[in-house]
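Me: I'd like a close look at one part of this complex, the place where two of its chains meet. Could you walk me through it?

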Amino acid sequence: MDWNVLWDGLPDHTLDGLTRGAIYALVALGYTLVYGVMRLINFAHSEVFMVGTFAVLGVYAALGATVGMGWPAVVGITLVALAAAVAASASTALAVERIAYRPLRRKNAPPLIFLITAIGCSLTLLEIFGFVLYEFFGSPFGRGVVSIDPIFPSRNLVETDLINITNVELLVMVSALVMMVGLDWFVNRSRIGRGIRAVAQSPDNAALMGINQERVIMLVFVVGGAMAGVAALLWTIRYDVTKFDVGFIIGIKAFTAAVLGGIGNLRGALLGGLLLGVIEVYFSVLVDSSWVDVTAFVVLVLVLMFRPTGLLGESLGKARA
Amino acid sequence: MNQIAAMTDKLRNRFADAPPWVRWIGVAAVLGFAVYLPLLDIPGLNVIRTDYGGSGSDWPSVLFLVLIYMIVAVGLNIVVGLAGLLDLGYVGFYALGAYSVALFGSPASPVTVWIAEKFGLETGWAVPFALCIPIAIMLTIVSGVILGAPTLRLRGDYLAIVTMGFGEIIRITARNAESVTGGAAGVINVPKPPGPEIDGRDFFNTVDAERWYWLVLAVLLLAIVVARRLEHSRVGRAWMAIREDEEAAVIMGVAAFKFKIWAFAMGAALGGVAGLLYASKYTFVTPQTFVLNLSFLFVAMVVIGGAGNIWGALLGAFLITYLPERFRAFEDWRPFAFGVALVVIMVLRPQGLLPSRKKALEYKARQIEAEGIKA
Amino acid sequence: MTDVVLEVDHLTLRFGGVVALNDVNFQILKGEILGLIGPNGAGKTTCFNAMTGVYAPSDGDIRFNGQSVAGKQPHKITTMGIARTFQNIRLFPEMSALDNVMVGLDANHKTSVLGAIFRLARVKQTPENAADNPFLASVERVIGVSRHNHEERTGRTEAMRLLTFVGIADRARETARNLPYGYQRRLEIARALATDPQLLCLDEPAAGFNPAEKEGLMGLIRKIRDTGRTVLLIEHDMKLVMGVTDRIVVLEFGQKIAEGPPAEVARNPRVIAAYLGDPDAAA
């Protein structure tokens, strides 16, 4: 393990990890919200993220975006892409809820069945983008890596010996923080947010208080999906690439982040995401990169074995443990 | 679908109530059919495209794979169906069984090469096949206990995620630890079971797939006997009590932790045996075989068939293995079809295709309960 | 001096900031029916939970036949001889009534996991454990009956006897979930009895019963005591408590406020004050 390599570039590596972690955190929000309210691990959430990245691609293609456009065009296109990604992800999440989860809720099915159905949804979505759409439309669908033109150009804002900060990295960090603060305010301060917390803690009592459980659930899926959509846009800007199964590994890491921070805990999702991103980058610098993906799994297993409530503890559904 | 289910339910009830001699004849008939199956020529059924020669997809080979997955289904049914433990990493045990026989039994594996050098044994030395079996069983049981001990106290879906992580950790380690496991290239020359030489060839070879089939059939029957004995004993009762209400079970004197670990260990051992037999027929192992999706496939087998019911699990194994082979022409569509089928079957019939008679009642009751709450 | 079966010694139980039980002391004497009463939230079920190992005491001790059970694992406490039913019925819903009772009997069965697979350990054949099938029976006369079969067959007989004892034998093979409410409550009692307890703790066994059913329950409790067991009873119905118990312990806000024969406790002003406004106390 070459500690010097890590030490020399520590600020850069840390920023890299934080950027990556911020994206994990945004996706983690979807997992943590749904789990907090429904006690369900939404396996299909990873594909909700993936759909968002393809939506961005679609917008770039539709608007004829090219590299080297002027800033006004770039900003405009990026905003449209943002809207598209959010819409695509949120509607995918909602569709999964309606088609798969709601009928099972009606039948009061046991948790194992929900899990299997979620896996089925995930697989179906994966294959739609990895194969079915390819059969009808060809590229960019299919199993290959899809590179995305870097419409949003990356510029160094700060260039010192100690650290380089690009505008993209800044954008990712700021966006994630803003979204997190917004969501936190929404869940903890608004009336609708109170409804969400009520259903998370005690669905029957919430119903007695006149809260429409179905609406809350729909809302949670939409919000979680929207967050994933934002993450998808930031991901495409930062990494210029996507793939039909990009959701899988991001999903695992995001879920790990949610568990690490304390599932059901929104601030935990942020903390867990940032922490996991940094750990991953440090580890990949120190060790052969082929072991990097294991990091998430090992962290996951260790956290669940020794501190299943996560760093910040569960919060949304605490009363129901 | 409900009419078919009602018919099978009636059939099963009549069979269970028939006098013993009728049941024995029925069992013998089924067994005879099973033994004769690879030699049969059923139109439409054994039309399997021979894409790949050798250990590819001829009828007896497909049947072989069906039986291998049936052993997996029996093992996983104990863990998921009887004891109610959500295990999404069963492929890990399957892989451990396969790698046991590969690493210890193949003269070309890094482990046997290292042992041969260390102890000055002749080149081409390897652990005899028969000894690999207890090694595989021990390895899988020990890893099952190591995995289970700290995690079995976790809530259901957490356990699912931890086991999933375990399965992936096994695969990625197998892929990366080249010096021990042969890395992504895997290990070749996995040994076959010993047998007399016929026509100048070993008894178990890559062409006469029927013999492999009969071997695995014998192992499967043994596994079924063991599983049924467990199910219809105080052990099975304890597992079901734990699945129904663990805290109440413990207060009624059930040593829950002990029985959960045993469920894990039994499941692990069966998964390992299945993996070992698989590796032995295919003569090589690579990490790519043991992907996470296979774990999902395994659980789907048990759940689609009807978790908790061993016959349902066997049916699920058959469907999941046979259908993709039957429709190999549509190979690329298969994962999509599988995903859609999973969702459709689970949403329309969550109790599975062949639920145990008691489970069918449970689901009806759950539904009535749900409607009651709504009203 | 009658034997003390259970001794609750300065028992204190804290949950975070809440003190659920505060320095509770009482004894249960062998062969008696002791009532544990008090307004809602007094800590009665918490006391049960501490006795059966669900909670570990924060302070103090609980001794069963002289041996401490504080903080022991629940299934160990059951094998020591304490059994209980639950306030909100916790049967194994999809198992039959018979199987529910069998689980209770299994607490004292010795067949191991490997024993269930290989069934090698042998026991002499007796009329109770003989197989129904005559051919099998004659084989077993020679080689003996496996411990598994011995325990299964005698278990089934004993389970039916227990179901008859509580009066629900006619629906032995039905799924527990489908049984009528009264049957479910009695099934819980049968299941608890199956563990062969010295001390049986009943948590509101008459909840939801009509007067006739309550009379039947009182008879059942007396029958249980007559078989040589000791009974601890949590109940809200004062008539039932007065009618069937030998002594009563009263809790309020986690503390014992009275202890003694029913008539005495009923006249105790503190007890009356604790229950003031409680419609049951008016009976």
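**Where chain B meets chain A**

Reply: Happy to. On the chain B side 47 residues take part in the contact, and chain A brings 46 residues to it. Please keep in mind that this is a predicted model; the predictor gives the complex an ipTM of 0.88, with a pTM of 0.85.

Let's start with area. Between chain B and chain A about 4300 Å² is buried, and carbon and sulfur atoms give 75% of that. Within chain B, the residues that lose the most area to chain A are B:Tyr158, B:Ile161 and B:Val347, which together make up 14% of what that side buries.

As for which elements of chain B are involved, five helices each supply at least two residues of the side that touches chain A: H6 (129-151), H7 (156-176), H13 (292-305), H15 (334-348) and H16 (357-374). Of these, H7(B) gives the most, with 14 residues.

Sorted by class, the side of chain B that touches chain A has 31 nonpolar residues, along with seven polar and nine charged ones.

Note on methods. Residues are numbered from 1 along each chain as its sequence is written. Chains are lettered from A and ligands numbered from 1 in the order in which they are written. This is a predicted model: local features need pLDDT of at least 70, side-chain atom pairs count only at pLDDT 80 or more; totals for chains, interfaces and linings use all residues. Side-chain values use heavy atoms; hydrogens and water are left out. Contact means heavy atoms within 4.5 Å. Buried area is the accessible area (1.4 Å probe) that two parts lose on being put together, summed over both. Helices (H or I, at least four residues) and strands (E, at least two) are DSSP runs, numbered from the N terminus. Ala, Val, Leu, Ile, Met, Phe, Trp, Tyr, Cys and Pro count as nonpolar, Asp, Glu, Lys and Arg as charged, and the others, Gly among them, as polar.
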